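Me: I would like to go through this model briefly. Please look at the structure first, then take my questions in turn.

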Amino acid sequence: MNSDPVIEVRGLTKRVTDATGELTILDGIDLTVQAGGSVAIVGASGSGKSTLLGLLAGLDSASAGSVRLLGHELTGMAEDQRAALRNGSVGFVFQSFQLMPHLTALENVALPLELQGGMSTRLAERTGHYPKLLSGGERHAVLFADEPTGSLDAATGHAVIDLMFELNRSNGATLVLVTHDVDLAQRCDAIITIEAGHRVPNAPHGAASSRNASNVEAGR
């Protein structure tokens, strides 16, 4: 497994303001995820899990702290810059489908390629190559998933999860997912628990516990 970090987070904080005043959703989160790892983010509803996932993927901006994704500092990046980074190396599976209702299933899948003017020439030339023949830059990819099986039947959910872990195992893609499913979380190399916007320590879990230290650093 590649030991280079693909995600580095220090002091990550997210605050929002509503009619009642300022609300802190995340407060001082630290973590590092190494390339090729699989990480589950768990916690009660409203604890800040999905907010954390969105910040890691560059879908939202932090109020304080820093996020480095694939070597790029997201803090201070404009939305179009973050979108360009995601477009090249990041996949995101939303809890809701986020499909365009007027497009067919195939058209929905093809839409990102159409928006970027077709598949990039560099990767188009590599479509028949196995992962071991790709360069480090071509293999580096991060897949974020927010409750990926929440709206699926059991059989389809298992198939989707198996596919994600196959991408993680065979292609070296880094997998970061939010889940309430204890069994799914246990399949990951490491578990990050969020309580009321703070990261809390985890007890080692199963066979994956021996790999935790190498895939996710403990928060400071």
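Reply: Ready. Keep in mind that this is a predicted model. Of its 220 residues, 35% count as buried.

Me: How many helices and strands does the secondary structure come to?
Reply: The model is predicted, and the count is for the protein. Its secondary structure comes to eight helices and 11 strands.

Me: Is leucine 12 buried or exposed, and what is its relative accessible area?
Reply: Leucine 12 sits in strand E1, residues 5-18. Its contacts beyond four places in sequence include Leu26, Ile29, Leu52, Leu55 and Val67. Buried means under 20% relative accessible area. Leucine 12 is buried, at 0%.

Me: What separates the C-alpha atoms of leucine 12 and aspartate 30?
Reply: Along the chain, the two residues are 18 residues apart.

Me: Why are the buried residues of helix H2 on the same side?
Reply: Helix H2 spans residues 79-89, and its buried residues are Arg82, Leu85 and Arg86. An α-helix has 3.6 residues a turn, so residues three or four places apart point the same way.

Me: Which strands do the buried residues of H2 pack against?
Reply: The face of H2 turned away from the buried side carries exposed residues: Asp80, Ala84 and Gly88. The buried residues of H2 pack against strands E4 (64-69), E5 (72-73) and E6 (90-93).

Key. Residues numbered from 1 in each chain as written. Predicted model: local features only at pLDDT ≥ 70, side-chain atom pairs only at ≥ 80, totals over all residues. Heavy atoms only, no water. Buried < 20%, exposed > 50% of the residue type's maximum accessible area, 1.4 Å probe, protein only. Helix = DSSP H or I, 4+ residues; strand = E, 2+ residues; numbered from the N terminus. Contact = heavy atoms within 4.5 Å.
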